[in-house]
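Trainee: I would like to learn how to read a model like this one, feature by feature. Could you take me through it?

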Amino acid sequence: MKTRRHDWKAVTLRWWPTLLTLLAVLWLTLAPDPVPDTGVTLFPNADKVVHAIMMGGLASVMFFDYRRPVCHVGHALTWRKAGMLALCVAIFAAIDEWAQGAMAIGRTSDFHDLLADWAGIILASVSVPPMLNRYFGRKKN
């Protein structure tokens, strides 16, 4: 039986948008002060909207990277596969929120932020896969 080796060049080629988005999310969530205070007053709980956008955006980019054809190979994004990718992002969101409170960086973890993260992931999970499948066609693999 032939074992399958991962070609890191191919993996990087397929997943670079996800990796770039992941780095941006890590910077925005784990840096002590990633966005300087501008003095602009935002609406109440604006940070929850930002959390939903960040994690929903990360899930959306993962869906895109999985579905898009790279080197003429694309994968069908079924609900099951989208759910597995979303679960990975949800687990990452929980670990990221825990890390904010565990690290001594002046940030705190908040369960409501985690709920906002999960809401963004769920919204992306139900809206993005159908759009990607329609855009890229219904290829079966």
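Trainee: Let's begin with secondary structure: how many helices and how many strands does the protein chain have?

Mentor: Helices (H or I, at least four residues) and strands (E, at least two) are DSSP runs, numbered from the N terminus. By that rule the protein chain has four helices and zero strands, so its elements read α-α-α-α from the N terminus on. Please keep in mind that this is a predicted model, where local features need pLDDT of at least 70, side-chain atom pairs count only at pLDDT 80 or more, and totals for chains, interfaces and linings use all residues. Residues are numbered from 1 along each chain as its sequence is written, and side-chain values use heavy atoms, with hydrogens and water left out.

Trainee: What are the overall dimensions of the C-alpha trace, and what share of the residues is buried?

Mentor: Along its principal axes, the C-alpha trace of the protein chain spans about 55 × 30 × 25 Å. Buried means under 20% relative accessible area, exposed over 50%, and partly exposed in between (1.4 Å probe, protein chains only). Of the 141 residues in the protein chain, 35% count as buried. For contacts, the rule is heavy atoms within 4.5 Å. Taking contacts between residues at least 6 apart in sequence, 77% join residues at least 24 apart.

Trainee: And what does the surface of the protein chain consist of?

Mentor: Accessible areas come from the Shrake-Rupley method with a 1.4 Å probe, and for residues only the protein chains shown count as cover. The protein chain has an accessible surface of about 9,600 Å², with 70% of that belonging to carbon and sulfur atoms.

Trainee: Which residues make the nonpolar surface patch?

Mentor: First, the rule: patches are made of residues with over 30% relative accessible area and no salt bridge, where like charges are joined within 9 Å and nonpolar side chains (Val, Leu, Ile, Met, Phe, Trp, Tyr) within 5 Å. Here Trp-79, Phe-111, Leu-115, Trp-118, Ile-122, Leu-123 and Val-126 make a nonpolar patch of about 760 Å². Helix H4 (residues 111–136) gives the largest share, six residues. Trp-79 is placed in helix H3 (residues 79–102).

Trainee: Why does Trp-79 count as exposed?

Mentor: Trp-79 counts as exposed because its relative accessible area is 56%.

Trainee: Now to charges. How should I read a salt bridge, and how many does the structure hold?

Mentor: Side chains of opposite charge can pair when their charged atoms come close. The cut-off used is a side-chain nitrogen of Lys or Arg within 4 Å of a carboxyl oxygen of Asp or Glu. The structure holds four salt bridges.

Trainee: Which residues are linked in a network of salt bridges?

Mentor: The network links Asp-47, Lys-48, Asp-110 and Asp-113. Within it, Asp-110 and Lys-48 form a salt bridge whose closest N and O atoms are 3.1 Å apart. That pair links distant parts of the chain, with Asp-110 in the loop between H3 and H4 and Lys-48 in helix H2 (residues 46–67), 62 residues apart. Lys-48 also meets Asp-113 in a salt bridge (2.8 Å, N to O). Lys-48 lies in helix H2 and Asp-113 in helix H4, so this pair ties together parts 65 residues apart in sequence.

Trainee: Are Lys-48 and Asp-110 buried, or partly exposed?

Mentor: Lys-48 is buried, with a relative accessible area of 18%, whereas Asp-110 is partly exposed at 24%. Asp-113 is buried, as is Lys-48.

Trainee: Which residue forms a salt bridge with Asp-65?

Mentor: Asp-65 pairs with Arg-68, the closest N and O atoms being 3.1 Å apart. Asp-65 is buried at 0% relative accessible area, and Arg-68 counts as buried at 12%.

Trainee: What does Gly-56 touch?

Mentor: Gly-56 lies in helix H2 and is buried, with a relative accessible area of 6%. Leaving out residues up to four places away in sequence, Gly-56 touches Gly-120, Ile-121 and Ala-124. Gly-56 and Trp-118 are 62 residues apart in sequence and 8.0 Å apart in space, C-alpha to C-alpha.

Trainee: Last one: what is the phi of Asn-45?

Mentor: Most residues other than glycine have a negative phi. Asn-45, although not a glycine, has a positive phi of about 60°. Asn-45 sits in the loop between helix H1 (8–30) and H2, and counts as exposed at 52% relative accessibility.
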